[in-house]
Amino acid sequence: MSNILRTLRGAESEVERLEREVARWTTEAENRRRELADLERDSGAAVLAHDPASAVRELTIRQMDLRTWIVGAQGASAAAEEQLVLARWDLDEARAVEMRDQAAKFTATAEAHQAKVTTLLAQLRELDGVDYVPFEPSKEDIQSGMFNDGHFSWEVPHGTVLWDPVQPLLDEASRLEQRVAAERAAAARAVAPVVPTASILVPAWDDVDSESQVSCRISEGVGSATFEVSTSGQYGGIEVVTLPDQDGSRMWGKRVKLQAGGGSAKVTCGGAVLAREVRPGSLMANGTQSVWVDYSRCPSCRSTAPVTKRAKTESSDATKGAVLAIACQNGCDVDMTKHAAAISS
């Protein structure tokens, strides 16, 4: 018996053993539940028929014993079922290996046969001067034969027949392997801890009216994650977010004023910083309201002016990028090429 066949037989035996274990402990739990139900139903009569104190003690001990048995049997059944799932995966994988082994044997036989045929055909070609090929009827031949007597048949070369089982075996082996791989991956994801992530999407530097989006989420898996979201501004503060929430949502988000010129946001989980954004700026008043803006001084009139564009930097936590454009409130026409060195924040 080959190693592959021994492995397959072992996998089949393990599946059968675990199926018996599941059935055994499931039956055991059900029997104990029925026994407990009967005991509780007849407990009143048992107390009346004997010394009440003694009867109650005996009933209590028996009930505790039965409940312990039920819990133990249910646990044993559940554990056996988990092992049975793994054993069935192993069995399917062993079947796939055996199918590929069978396909390899059929292939070797077909190739050996074809080698002999090729040699003989070459000899015929050398002897008779023409190629000999197997007869294969045309579509017209088949239709004509079926019209005359209802059927049409011809001899198929043995070499062709030898190849017939190869591809179905390979296809079924691939199907089993892919299904087991997908189920193993799904099971691994189901017991894996969640992975917390967060992001802060901010508008461009020259988009001073838009808001930023702060969000956090958890990946597939089990368990939960608690985030601490810190934001600045008029409606800023610290929020504690636990996902999944009461509705089962695995994602949370809010919009905050973190536009070009003023504000910060940070999302942490378990002490680790998942996302952070800091936009430099100051609080300025335009006569009717106070707004956060990124500002610099106009090189012409030296008054403060909102920055409408900055050069990009690797991180917003780093020093501000070079000022590329401003909007002077006094109407100065600033030549950035001429005043690039003079403009600073």
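**Labels and the values behind them**

Mentor: Start in the sheet: alanine 198 has cysteine 216 of strand 2 as its bridge partner. Keep in mind that this is a predicted model.

Trainee: What makes strand 1 and strand 2 a pair?
Mentor: Two strands pair if DSSP finds at least two bridges between them. Strand 1 and strand 2 (residues 212-218) have six bridges, in the antiparallel sense, so they meet that cut-off of at least two. Besides the bridge between alanine 198 and cysteine 216, threonine 197 stands opposite arginine 217 in strand 2.

Trainee: And which residue of strand 5 is the bridge partner of cysteine 216?
Mentor: Tryptophan 252. Strand 2 and strand 5 also pair over six bridges, again antiparallel.

Trainee: What makes strand 1 and strand 5 the edge strands?
Mentor: The open sheet has three strands in the order 1-2-5, with antiparallel pairing. Strand 1 (196-201) and strand 5 (251-256) each pair on one side only. From one strand to the next, the twist averages 10°.

Trainee: How much of strand 2 is buried?
Mentor: Five of its seven residues are buried, so strand 2 is mostly covered; buried here means under 20% relative accessible area.

Trainee: Why does arginine 32 count as buried?
Mentor: Its relative accessibility is 16%, and the cut-off for buried is under 20%. Arginine 32 therefore counts as buried. This residue lies in helix 1 (residues 3-41), and it touches Arg62, Leu66, Trp69 and Ile70, leaving aside residues up to four places away in sequence.

Trainee: How do you know that arginine 32 lies over the face of tryptophan 69?
Mentor: The distance from the ring centre is 4.2 Å, and the limit is within 6 Å, along with an angle within 35 degrees of the ring normal. Arginine 32 is listed as lying over the face of tryptophan 69. As for aromatic pairs, the structure holds zero.

Trainee: What span is expected for helix 6, and what does it reach?
Mentor: Helix 6 (residues 166-191) has 26 residues and reaches 38 Å from first C-alpha to last, close to the 38 Å expected at 1.5 Å a residue.

Trainee: Which residues of helix 6 are buried, and what covers them?
Mentor: Val166, Leu169, Ala173, Leu176 and Val180 are buried. The cover over the buried residues of helix 6 includes helix 3 (52-128) and helix 5 (158-163).

Conventions: Residues are numbered from 1 along each chain as its sequence is written. This is a predicted model: local features need pLDDT of at least 70, side-chain atom pairs count only at pLDDT 80 or more; totals for chains, interfaces and linings use all residues. Side-chain values use heavy atoms; hydrogens and water are left out. Rings of Phe, Tyr and Trp (its six-membered ring) pair if their centres lie within 6.5 Å; planes under 30 degrees apart count as stacked, over 60 as edge-to-face and the rest as tilted. Helices (H or I, at least four residues) and strands (E, at least two) are DSSP runs, numbered from the N terminus. Axes are lines fitted to C-alpha atoms, for helices over the stretch in contact, and angles run from 0 to 180 degrees between N-to-C directions. The expected span of a helix is 1.5 Å times one less than its number of residues. Buried means under 20% relative accessible area, exposed over 50%, partly exposed in between (1.4 Å probe, protein chains only). Contact means heavy atoms within 4.5 Å.
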